[in-house]
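Hi everyone, thanks for coming. Today I'd like to walk you through one protein model, from the inside out. Please have a look at it while I talk.

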Amino acid sequence: EVPHGEYEVAIQQMELKPSSKGDPMVSIWFKIVSDGEYKGSIIFMNQVITQGFQIHIVNELLRMMTSEMGNDAPVIEFKNYKQYGNLIMDIFEAIDNNFEYALNYKKGKGDFSKYEITEVFTLED
C-alpha cells in the first residue's frame, strides 16, 4: 500500500474495463519511477464512469496527461463507451515510454483517493 504523497510516475497500464459490479470503469496503473522506498510500486486508480462527474474526473486526468502533446493531443471527449475505450487506448499508446508525470496522490472524500498530475516530463529518445 503506497501512502498518499507526491510521486514521479510512468503509466504502466490504462484501459476501460468492467468493474466488479459490471459497470464501465477506467483503470490506470501509475508505476513509481522516482527513487525511494516505493520505487517500482504501483498506485492503482479505478474510476467507475456511469455519471457525468465521474467522466469529468477521468477527462481532466487525460487532459493533464496529454498536455505536452501540442497539436498531436487527441480531443478528450465522451461520446459513448466504445469511443471512450478507443480514446483511452490511443492515449496510452501515445504516452507510453514518451512521458512521465508528477502525480499528487492524496486523500479525497470518504475512502476515495484523488489523483492530480502536476507536471509532465517528456522523455528523450
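Let's start with a term: a nonpolar core is a set of buried Ala, Val, Leu, Ile, Met, Phe, Trp, Tyr and Cys residues joined through side-chain atoms within 4.5 Å. Buried means under 20% relative accessible area, exposed means over 50%, and partly exposed is in between, using a 1.4 Å probe and protein chains only. The model is predicted, and local features need pLDDT of at least 70, side-chain atom pairs count only at pLDDT 80 or more, and totals for chains, interfaces and linings use all residues. Residues are numbered from 1 along each chain as its sequence is written, and side-chain values use heavy atoms, with hydrogens and water left out.

Now, the core itself. The largest nonpolar core has 31 residues, and M14, F30 and M65 have the most contacts inside it. Two or more residues come from each of β1 (5–18), β2, β3, α1, α2 (81–95), β4 and β5. Helix α2 gives the largest share of this core, six residues. For these names, helices (H or I, at least four residues) and strands (E, at least two) are DSSP runs, numbered from the N terminus.

Let's zoom in on F30. Leaving aside residues up to four places away in sequence, F30 touches V9, A10, I11, S41, I42, I43, M45, L61, M65, L103 and Y115. Contact here means heavy atoms within 4.5 Å. F30 also belongs to a cluster with Y105 and Y115, linked by ring pairs.

That brings us to aromatic pairs. Rings of Phe, Tyr and Trp (its six-membered ring) pair if their centres lie within 6.5 Å; planes under 30 degrees apart count as stacked, over 60 as edge-to-face and the rest as tilted. How many aromatic pairs does this rule give? The count comes to six. Take W29 and F44: their ring centres are 5.2 Å apart and their planes are at 80 degrees, so this pair is edge-to-face. W29 sits in strand β2 (residues 24–32) and F44 in strand β3, so the pair ties together parts that are 15 residues apart in sequence. W29 is partly exposed at 26% relative accessibility, and F44 is partly exposed at 44%. Another edge-to-face pair is F78 with Y84, at 5.1 Å centre to centre and 65 degrees between the planes. Is Y84 buried or exposed? Y84 is buried, at 0% relative accessibility, whereas F78 is partly exposed at 27%.

Finally, let's look for empty space. Rolling a probe the size of a water molecule over the atoms shows where empty space is left. On a 1 Å grid over the protein atoms alone, a pocket is an open set of points where a 1.4 Å probe fits, with protein on both sides within 12 Å along at least five of seven lines; lining residues have an atom within 4 Å of a point. The largest pocket holds about 750 Å³ of space, where a volume is the space filled by probe spheres set on the points, and grid points are joined across faces, edges and corners. Its lining has 22 residues, with Q47, I57, F112, S113 and K114 nearest the centre. Which element gives the most to that lining? It is α1, with six residues.

Q47 is in strand β3 and is buried, at 17% relative accessibility. Beyond residues up to four places away in sequence, Q47 touches P24, M25, V26, Q54, I57 and V58.
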